[in-house]
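Dear colleague,

Please find below the sequence and the structure that I am handing over to you. My findings follow directly after them.

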Amino acid sequence: MANHQKDFLFVLIKSLSKSEKRQFKIFASRLETSSNTKFIELFNILDKSETYDEKIILKSGAIKKVQLSNLKSYLYKQILVSIRLNIPSQNIRYQLREQIDFASILYNKGLYKQSLKVLDKTKIQALENDEKYMAFEIVEFEKLIESQYITRSIQGRADELVVQAKELNYRNTISSKLSNLSLQLYGIMLKTGYVKTDEEFQYIDEYFTKHIAKFDESKFGFREKYWFYNVNLWHSFLVQDFLASYKYAYKWVTLFYDNPNMIYLNPVFFLKGNHYLLESLFMLKYKSNFKKYLFKLEETINDSKFPANDNIASLSFLYLYNNKLNYHILEGTFSESEYLIPEILHKIKLHSEHLDEHHEMLFYYKIACIYFGTEKHAESIFYLEKIINNKNLSMREDLMCFARLLYLIVHYEMGKDFNLESQLKSTYKFLIKMNDLHEVQKEIIRFLKNLNSLYPADIKKEFVKMRARFIELEKNTYEKRAFLYLDIISWLESKIENRKIADIMHEKAQATNR
């Protein structure tokens, strides 16, 4: 479970690596005087503590309560300064920012030509790395110096800077508008989820078309292309056009592989693009490409050149292992994936400070699915209850809904149907409350409810009838996504044929050539 400590200083200290703590202590020793040793002592107390507790701090006697607030603020700042001084030199953004700061120092000392020289070199470097916002900032700084007629620069210099400023401003405006649209579409996704009706589809499609029509992809540079693909991806996800999702996620990932330096400059965007590509392939059940890009992603992450920090390590774990589980679910190779579970649980603890609750619960749901596929029903229930008993309703509603539906099915499989009626009512009420009652969910509840009233000889006929009903529902654009959360059709076939669900799903996977 992610750590929800509210004290920012404590969380920051706990996020430090051993080398960062060592660097801070070396840095702090340079500042140490009789008047500021207290902030070093505060660091040591918090570093050794398992939880944040002011009583423990005050009990040391070295720090008074009236001092604590200011001391914490000072320590927080000094830790950030220490980290800033030790950031790896290969981080291009910090290099650029440092050079701009150097140019500011030279300018303030009246060394205008030296300042312009630094700015010109830094601007070239910024443009080479597609850092157009910084490049624009540099051009504005150059204009400031030139406008004072201090340097008597060569003729035409003013016109050159104006042209550069206009071009950079134009490109930055495109990036900004596209990123705004991306954020708005993401906001719609969080608020209403995927489209469920033709009316919702029409609204989203018209909204998207209205805003995207003014852009011309052929004139874009790297960053504009990235945001253009990002926006189109969110639109296709919203309207559940997974073929289009695959198209734009593929373009997104290919953009990075065609510009490998951008992978190391923008690792988070690279990781997210790969995750969306794999998610699209999972939705399309495109196994061969899924395996190909999953292997390629893992290979890139394990490359020694790939950036390493806490955030990137957590995202790499999240996207890589989530999709490793997806691959086994896609292939129906549940027993072969069990080795991943202890590793995932260990890494969840390791990255607890950086994983949000939804993604942790998503791991639990997929682990529950793996155990359901291997007929380890008690283990499946254990992880489903972690989701069901979670009272944080800010998690994605579809995850909560399908966890409850799978929970009902697992109980039926175990023969624990003595309280199925009350569980069905509870689940139905929950789905209505969450405003996420699709036809698939309605049919599952109806079906399970009817099973209790059937004679044993009639149960198989009901399974056959419901299988036909769900096959029709799977053809519905607004319902088919539900079958990827819960393969109810394969489960029904396993009951009809009296076979294991894993065997059914594996045979289906082998039968498809994609």
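Of the 514 residues in this protein, 49% count as buried. Please bear in mind that the model is a predicted one. The protein contains 27 helices and zero strands. Its C-alpha trace spans about 95 × 65 × 40 Å along the principal axes. The accessible surface amounts to about 26,800 Å², and carbon and sulfur atoms supply 53% of that area.

The largest nonpolar core comprises 131 residues, and the members touching the most others are Tyr365, Phe470 and Trp491. Helix H21, residues 397-413, gives the most to this core, namely twelve residues. Once neighbours within four places in sequence are set aside, the contacts of Trp491 are Phe372, Ile409, Tyr412, Glu413, Phe447, Leu448, Phe463 and Ile501. Another core, of 22 residues, lies apart from the largest one; Leu12, Ile40, Phe43 and Leu71 are among its members.

Lys495 also deserves a note. This residue is located in helix H26, which covers residues 488-497. Is Lys495 buried, partly exposed or exposed? Its relative accessible area is 29%, and Lys495 is therefore classed as partly exposed, since buried would require a value under 20% and exposed one over 50%. The C-alpha atoms of Lys495 and Val464 are 9.2 Å from each other, although 31 residues separate the two along the chain.

Finally, I examined one pair of helices. Two packed helices are described by the distance between their axes and by the angle between those axes. For helix H11 (residues 222-238) and helix H14 (residues 267-284), the axes come within 12 Å and cross at roughly 35°. The crossing of H11 with H14 is left-handed. On the H11 side, the contact is made by Arg223, Tyr226, Trp227, Leu233, Trp234 and Phe237, while H14 contributes Phe269, Tyr276, Glu279 and Ser280. By type, the residues of this contact comprise seven nonpolar, one polar and two charged.

With kind regards

Conventions: Residues numbered from 1 in each chain as written. Predicted model: local features only at pLDDT ≥ 70, side-chain atom pairs only at ≥ 80, totals over all residues. Heavy atoms only, no water. Axes fitted to C-alpha atoms, helices over the stretch in contact; angles between N-to-C directions. Helix = DSSP H or I, 4+ residues; strand = E, 2+ residues; numbered from the N terminus. Left-handed = near helix turned anticlockwise from the far one by under 90°. Contact = heavy atoms within 4.5 Å. Nonpolar A, V, L, I, M, F, W, Y, C, P; charged D, E, K, R; others polar. Core = buried A, V, L, I, M, F, W, Y, C linked by side-chain atoms within 4.5 Å. Buried < 20%, exposed > 50% of the residue type's maximum accessible area, 1.4 Å probe, protein only. Areas by Shrake-Rupley, 256 points an atom, 1.4 Å probe, with all protein chains shown as cover.
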